[in-house]
Amino acid sequence: WISLGTASLAVFLIILGISAVHGGHTPAASGIETINPEHVREDARFSEPGLKEATDGDHDYDLYFLASAFMYEPGEVEIPAGSTVKIHVTSPDVVHGFQVVGTNVNMIAEPGLISTYEMTFDEPGEHLIVCNEYCGIGHTDMTSTLKVV
Ligand code: CUA
């Protein structure tokens with residue numbers, strides 16, 4: 001039975017490996033931008049994270065967030081109602097979550113990768129941003145606020 005278990009694990013890992021490489025399931029093949037987590041704070045986008053007017057694409061703003069143990073930078077952000085925002089999130093340390101409560105924005109902030117999601121915020125209001133990936137002792141204190149004004 002142990003041989004059978006080992007053999008099916010081997011088959012599973014081979015299928016997973018082939019699917020990842022040939023199916024384009026790796027971050028690089030999916031077009032996800034990579035970043036050296038040790039130098040995140042030297043990157044102009046994440047050294048002063050926050051809302052910036054978009055310079056390309058059809059969105060109005062780029063919103064950069066740095067998720068680190070145990071805080072988000074910025075700790076609060078204001079977005080003009082009706083604007084389309086491309087959110088970029090990364091982490092310099094461990095895996096964090098990035099959920100904007102009450103919206104479809106729910107990403108993983110992974111060291112080495114920049115997660116992005118484009119969203120139009122029509123309704124004025126206040127959204128809590130929470131970390132939904134257990135990241136350590138301060139996990140429950142890890143929040144930010146997104147205000148649509
Ligand atoms: Cu960061 Cu949980």
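This report covers the nonpolar cores, salt bridges, one histidine and a surface patch of a predicted model.

## Main core

The largest nonpolar core has 23 residues. Phe65, Ile87, Phe98 and Leu146 have the most contacts inside it. Seen by element, two or more residues each come from β2 (61–68), β4, β5 (83–90), β6 (96–100), β7 (106–109), β8 (115–121) and β10. Strand β2 gives the largest share, four residues. In soluble globular proteins, nonpolar side chains tend to be buried together.

Phenylalanine 98 shows what surrounds one of these residues. Leaving aside residues up to four places away in sequence, Phe98 touches Phe65, Tyr72, Ile87, Val89, Val105, Asn106, Met107, Ile129, Val130 and Asn132. Phe65 and Ile87, on that contact list, are also among the residues with the most contacts inside the core.

## Second core

A separate core of six residues is also present. Val40, Phe46, Tyr64 and Leu66 are among its members.

## Histidine 88

Histidine 88 sits in strand β5. Its relative accessible area is 9%, so it counts as buried, the cut-off being under 20%. A polar atom of the His88 side chain lies 3.5 Å from the backbone oxygen of lysine 86.

Beyond four places in sequence, His88 touches Phe46, Asp62, Leu63, Tyr64, Phe65, Ile114, Ser115 and Thr116. Phe46 and Tyr64, both on this list, belong to the second core. Phe65, also touched by His88, is instead one of the residues with the most contacts in the main core.

## Salt bridges

The structure holds four salt bridges. One of them pairs arginine 45 with glutamate 33, at 3.1 Å from N to O. Arg45 lies in helix α2 (residues 44–47) and Glu33 in the loop between α1 and α2, so this pair ties together parts 12 residues apart in sequence. Both partners are partly exposed: Arg45 has a relative accessible area of 23%, and Glu33 has 39%.

Glutamate 73 and arginine 41 form another bridge, at 3.3 Å from N to O. Glu73 belongs to strand β3 (residues 71–73), while Arg41 is in the loop between α1 and α2, so the link spans 32 residues of sequence. Arg41 is partly exposed, at 44% relative accessibility.

## A strand-to-strand bridge and a network

Glutamate 76 and lysine 147 also meet in a salt bridge, at 3.2 Å from N to O. Glu76 is in strand β4 (residues 76–79) and Lys147 in strand β10 (residues 143–148), so the pair ties together parts that are 71 residues apart in sequence. Glu76 is partly exposed at 44% relative accessibility. Lys147 is partly exposed too, with a relative accessible area of 22%.

Shared partners join some of the salt bridges. Glu33, Asp43 and Arg45 form one network in this way.

## Nonpolar surface patch

Which residues make the nonpolar surface patch of about 400 Å²? They are Leu9, Phe12, Leu13 and Leu16. Leu9 is found in helix α1 (residues 2–22). Its relative accessible area is 48%, which makes leucine 9 partly exposed.

Methods: Residues numbered from 1 in each chain as written. Predicted model: local features only at pLDDT ≥ 70, side-chain atom pairs only at ≥ 80, totals over all residues. Heavy atoms only, no water. Patch = residues over 30% accessible without salt bridge, like charges linked within 9 Å, V, L, I, M, F, W, Y side chains within 5 Å. Areas by Shrake-Rupley, 256 points an atom, 1.4 Å probe, with all protein chains shown as cover. Salt bridge = Lys/Arg side-chain N within 4 Å of Asp/Glu carboxyl O. Buried < 20%, exposed > 50% of the residue type's maximum accessible area, 1.4 Å probe, protein only. Core = buried A, V, L, I, M, F, W, Y, C linked by side-chain atoms within 4.5 Å. Contact = heavy atoms within 4.5 Å. Polar contact = N/O pair within 3.5 Å; in protein donor to acceptor, adjacent residues only side chain to side chain.
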